[in-house]
Amino acid sequence: MTKPVSRSELSRLGKRGSYRLGLLAPQGIAAAPPPKAFRPSFARERRAGSTTGWVLAMGAGIALVAVAAVAGLWFVPLIVGVITGLAARWGAWRLRATAPAVIVMCAAGWGAALCWYSARGLPIGASARAMAAIAGLPAYAAVAVAITLAVSVVLGLVGLWLGRALTPRPPR
Amino acid sequence: MLSHPLWRLVRQFSNVIIAMGAVLAVLVVAGAGFGAVPAVGRVLDPGHGAWMAAAGGQLPTSQSLRLPGLTSKVTVSFDRQGIATIDAANEGDALLAEGYLHASFRLTQMDLERRLAEGRLAALVGKSAVASDEFELRLGLLRTARQEWAQLPRNSIAALELEAYSRGVNDYLAQVRKTKQWPALFAMTGVYPGNWTPVDSLAVQGDLTQELDYTTTPLDYAVLARSLGLTKTMAWFPVLPVNRQNPYDLGPYKYKGIAPIATSLTATAAVSGANPGPKRSSALTAGLTGASRPRVPSARLAKAAAAMLAVTSALPEGQVHGYPDSNAWVANGPKVLGGGAMLAGDPHLPQTLPSIWYQVAITAPGYDVTGVSVPGLPGILLGHNRHIAWSLTDTENQATLFYVEKTSAARPHEYFWRGRWRPMRQFSYTIDVRGGQPRHLTVEETVHGPVMTQAGQTVSVDWMGAVPSPDIAVMQQVSTAHDFKQFRAALANWRAPTQNFVYADDRGNIGAISAGYYPIVAHGSPWLPMPGTGADDVAGVIPYASVPQSYDPAGHVIATANQRPVTSTYPYYIGTTANFYDPSYRASREYAFLDARSAMKVSSFAALQTSQVDDLAERVLPELLRLLKGAKLSPVEQQAVSLLHGWGYSMDQDSAAAGLWWTLWSDYLTDTFSPWWTSAQVPVHLDRAGLAISPDQFSLDQVLEHWTLTDRRNPAFTPPGAPAQGAASVLRDALAQAVASLHAKLGGDPPSWDWGKLHTRSFPSILGAAGLGYGPKAAGGDLWTVDAAYGMPDSTSGPSWRMIVRWQGSGGRGRATAVGIYPGGQSENPASPWYENLVPDWWDDTYLPLPAAGASPAGALRWELVP
């Protein structure tokens, strides 16, 4: 550690006898910091971003997907995926971070829309059961809900793929 | 190389192209669908896809709705169970409101029914329905419906009814097109219903006619005669029944010649025969005596029959008539507590969810009815008005005749009829297939009707359901009739399907008329395919004055349960025992019950309607037990037989005796006939329903009953090539078999062999979706109980509606109090509380009061429909 330089000492710099003060530590050689651990990597340096930022962005994504679903804009999960893919390049986020984010936004977005209808009194569970049965699948509500959310997720993931493909990685 | 910048560029570009391709593919599949895969994005979008069907699962709320086409305000009220009452200022508005109601609660059912009839089912459900579409387009329900509509004067009441009803349906369709709250099936397939037309209603009427009237019995006879031989076929599937019968019309009968078949919808019915017709007994006795015995069908004809049976046996259940349908009886005078008349009716039809019925009461000036309607058709079919009550049972007469056309390879598209070659009429159709290529179909038609096959031989069908029938107009007249005279006059124009119309009125009168067309051939054996060269053509029909009927009989009781309605002295041919006439087991039980009682109440009729007493068991079991007396039985067999002693013949689900009886009779029947079937190599696989040995073969049941009671040494008990044996020997083996099979299935304790462990009842979804049906649930009843169950071991047909109407009052005019119940619910939406809410009541034999005819809407939940 170096001793802090007081302002009064700085003001004496260059004046006679000042060197005798000998307390201007920056003039000397500071102690070398300890060496960093060597971790070999060929990857570029990445930025993770703040947790709050991630939560806010995902919340916005979920809300966008949900509102769009209620409005009948079924393709919006795909757009959210594309946007996430583009942003991933800008933010240098790894796929292992963006893919789960897209999955959560798309599934939760459509799931939230279903919950909203259910809260308004629509018999969503019974309808889900009927839809599964009509499709020739086991007549469980969970089956139709799972397939619905899966469709949203697939839309989001292909969007993510496209977004990433449109922003190629710079050469190393 | 891989790190070369150009290669990197290629790779990145490829990645973009592939990603865009994937996005495009996903967008196409999700947005437009691919092949049979629906547009999953649109379908599963929570805001606008199939999920919006959930809106139809909510109970309706009181509201005011604007319906174009109305002339004045209509009030619709719903009770807690969803039963609707319509109150309108005129009949047109009432039926418009009915159309709107039907569409609101049964749109999928209605669309499926019209698609089925019009050969457009594959456009909705895909290639699995192509065979059905081809069959229906050949048979021609759509051609008949179009013909009926073309012939109907536009100012007739029936036309106005059909147009008003269609407008109501279309009002709902316009509404749902805006809200996008489609039933799930449409949203999931992306195939949406078009506007409703009067032709659609007439096609739905054709569906019902087909279900009740179109049979393949002559084809089965051809196959049986070819394999078993004509003698055995006619002995085991006789024209006239051999067992004890209970006809409701006991005669005396008068032969009045034959009446012509009307050529147009508006032609007035010929009440008496204009044509002397064939000698009364020629067609009846031809199969019974050697005198004018028909020839054994040729191998080519058998091949044609096999081809047609292969098609029809693969059709969805109900498209070809296969079971007797329904009970309806009436009593009056001393038979009814307090006098007056009382009617009970329970049509036996496929029990589905949703039900074939939609319950409704309609009140308009001059038109006050309450009962059950058929979604797709205006008005009600069964119920009562202010003066009369009516219910229907199927007459079961033979209405389908097959003709082997004479054709020549040198003269394609021609047939030989009455001395010269004639061109066949041709109709071309395109069948759209969801997820597949459209199919083209050309239907050829001879003077007899459409050509159904050209495999082996060219065979056409002459079916009474193809004759334009003014059913809508007739039902309108029945619904507004005040007495039997008007009722009878209205039914004079009814042509198909032939039905027993059972009647009771507010003055205490009762009656029944088996109205409709009974085709009479001048020559030949109508129960077999006949030559199409002209001599064996249908010469006409039984005149209306001569069809089976009864009015205020001395016994104060009339019961129709699909039994042969007349005795063997009736001077006209009306079909054979294989024509699905009930062997009179239900009718016998009904007459026994009604004849033995007086001062009956609604509860008495309800007890009979839900009776599970098996009349065949009551007839033959004492004799079977007598035959088993002295036979060497194992301890388990002895224990089993002891169950049958003292049994009351009721097929209760918790009755072990019932379980044993059914198994024993099935095995007795099989053991008697199967050696002959095996020896003759009867091709049962062609049509299990028509050719297999089972208790469903009512001819075999009654023949075996007859032999057991009166002819226990009949040669049929001796298998071909075996030493002579009688009924006792076959029965002994059958008992051993029955006990062994029950032991294997249900364990070694005979008292635990409950009928309900062997027999269940289900109400499947009309969509065929396993999870949307009800059951299977252990159930009582069988084929021969009044509370009938068809389709063993899991019955899916039976009493589809139970109704009892009692006319009571003084001063000559009574008032009706009526109760009814059907297994189902008013809504087709599985998410609705009204989807199957009536099932528990039906299952518990509970009835609900019908809204009174002419009563004001009483339910708290109301729609105000305004122009």
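## Exercises: where chain A meets chain B

In this predicted model, 37 residues of chain A are in contact with 38 residues of chain B.

**Exercise 1.** Work out which elements of chain A build the side that touches chain B, and which gives the largest share.

*Solution.* Start by looking for elements that give two or more residues: these are α3 (51-70), α5 (95-119), α6 (124-134) and α7 (141-166) of chain A. Next, see who gives the most: α7(A) has the largest share, with 11 residues. Finally, sort the residues on this side of chain A by class, and you get 31 nonpolar, 5 polar and 1 charged.

**Exercise 2.** Describe how α4 and α7 of chain A pack: what is the crossing angle, and is the crossing left-handed or right-handed?

*Solution.* First find α4(A), which covers residues 76-91. Its axis and that of α7(A) come within 6 Å and cross at roughly 35°. Then check the hand: this crossing is right-handed. Now pick out the residues making the contact; among them are A:Pro77, A:Val80 and A:Arg89 from α4(A), and A:Ser152, A:Trp161 and A:Arg164 from α7(A). Sorted by class, the contact has 15 nonpolar, 7 polar and 2 charged residues.

**Exercise 3.** Find out how confident the predictor is about chain B, and where the pLDDT is below 50.

*Solution.* Then zoom in on residues 281-292 of chain B, where the pLDDT is below 50. Beyond near neighbours in sequence, that stretch has 20 contacts in the model. Last, for the complex, the predictor gives an ipTM of 0.88 and a pTM of 0.91.

Key: Residues numbered from 1 in each chain as written. Chains lettered and ligands numbered in written order. Predicted model: local features only at pLDDT ≥ 70, side-chain atom pairs only at ≥ 80, totals over all residues. pLDDT = per-residue confidence, 0-100. Contact = placed C-beta atoms within 7 Å. Helix = DSSP H or I, 4+ residues; strand = E, 2+ residues; numbered from the N terminus. Nonpolar A, V, L, I, M, F, W, Y, C, P; charged D, E, K, R; others polar. Axes fitted to C-alpha atoms, helices over the stretch in contact; angles between N-to-C directions. Left-handed = near helix turned anticlockwise from the far one by under 90°.
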